[in-house]
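Thanks, everyone. Let me put the structure up, and we'll walk through it residue by residue.

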Amino acid sequence: WYQRRVRGSEGRYTCKAAVLISNRLHYGTANVDVTVVSAVVVSSPTVNVEAVLDQEVNITCTANGWPQPKQIMWYHNDSETVVTSYNNRQIINEVVSYKQIKSVIWIKRMSPELMGKYECRGSNIVLGSMKTDKAIISVFEERLEGVEKAITSKEMLIIGVLAAIILVVILGVLLLLVFRHRKKKREKEEYERLKRDVTPRPNGADTTLKADKERTAHTAGSESP
């Protein structure tokens, strides 16, 4: 018999009894589970959460007590409106043990309006009386020296892909310019060659050419019947 709670006194107790019937013992057993009632205690792993804009953030709160707290409620910036899952924000509840529950606000992409003070509350009923506790977590923007925003591996990958695309475009433009230069050079060389072919001959050469034509015509006329 315990007049007050003793560390380690919780658990399952088994009692056994025996009765002698017809010179033969008959045994019976019974189990009793003992749990000490306790008011709810709400806590968080951290009271300050540094967040980076556009990045993922988790805000965690736990509630311990017996009877087990039913639910953890969240409130934001002193508002009495219960925070719920919506678009970019999701609330995940989990039963950790018969005495403990956990709730996590998962913000997929942090934005300025989601920062501020978060309050988580839990309650249970102990001997007919409602017991409530709360914890406060402050979420604020992480300050980085000389950097407005932390560059994540995903952003680095995007930057690398964009740099590769720009490099390919530059190389393509350079190759196109080289090709056009060579084409213009070939066209100029072809033009110069054609120009040389159609250049008029000197006067002496024209006279000789004319005399040759006249001789040819005269010879053709003499040979005709």
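Start with Asn124. At 4% relative accessibility, Asn124 counts as buried; buried means under 20% relative accessible area, exposed over 50%, and partly exposed in between, with a 1.4 Å probe and protein chains only. Before I go on, the ground rules. This is a predicted model, where local features need pLDDT of at least 70 and side-chain atom pairs count only at pLDDT 80 or more, while totals for chains, interfaces and linings use all residues. Residues are numbered from 1 along each chain as its sequence is written, and side-chain values use heavy atoms, with hydrogens and water left out.

Back to Asn124. It is placed in strand 9. Helices (H or I, at least four residues) and strands (E, at least two) are DSSP runs, numbered from the N terminus. What does the Asn124 side chain reach? A polar atom of that side chain lies 2.9 Å from the backbone oxygen of Pro67. Leaving out residues up to four places away in sequence, Asn124 touches Ser38, Ala39, Val40, Gly65, Trp66, Pro67, Pro69, Ser129, Met130 and Lys131. Contact here means heavy atoms within 4.5 Å.

Trp66, on that list, brings us to the aromatics. Rings of Phe, Tyr and Trp (its six-membered ring) pair if their centres lie within 6.5 Å; planes under 30 degrees apart are stacked, over 60 edge-to-face, and the rest tilted. The count comes to 1 aromatic pair. The ring centres of Trp66 and Tyr98 are 5.7 Å apart and the planes meet at 65 degrees, so this pair is edge-to-face. Distant parts of the chain are linked: Trp66 is in strand 5, Tyr98 in the loop between strand 7 (89–95) and strand 8 (100–107), 32 residues apart.

Next, the disulfide. A disulfide is a covalent bond between the sulfur atoms of two cysteines. The rule used here is a pair of cysteine sulfur atoms within 2.5 Å, and the count comes to 1. Which cysteines form it? Cys61 and Cys120, with their sulfur atoms 2.0 Å apart. Cys61 lies in strand 5 (residues 57–66) and Cys120 in strand 9 (residues 116–126), so the pair ties together parts that are 59 residues apart in sequence. The torsion about the S-S bond is about 65 degrees, so the disulfide is right-handed. Cys61 is buried, as is Cys120. Cys15, in turn, is partly exposed at 44%.

Now charges over rings. The rule: NZ of Lys or CZ of Arg within 6 Å of the ring centre and within 35 degrees of the ring normal. Arg121 lies over the face of Tyr75, 4.0 Å from the ring centre. The charged end of Lys108 sits over the ring of Trp106, 5.4 Å from its centre.

Over to helix 1 (residues 153–197), where we find Glu190. Glu190 is partly exposed, at 37%. The side chains of Glu190 and Arg193 are joined by a polar contact of 2.5 Å.

Finally, the overall picture. How many helices and strands are there? The protein has 2 helices and 10 strands. The order from the N terminus is β-β-β-β-β-β-β-β-β-β-α-α. Of the 225 residues, 18% count as buried. Among contacts between residues at least 6 apart in sequence, 59% join residues at least 24 apart.

That's my tour. Over to you.

Note on methods: A polar contact is a pair of N or O atoms within 3.5 Å; within protein, one must be able to donate a hydrogen and the other to accept it, and residues adjacent in sequence count only if both atoms are side-chain atoms.
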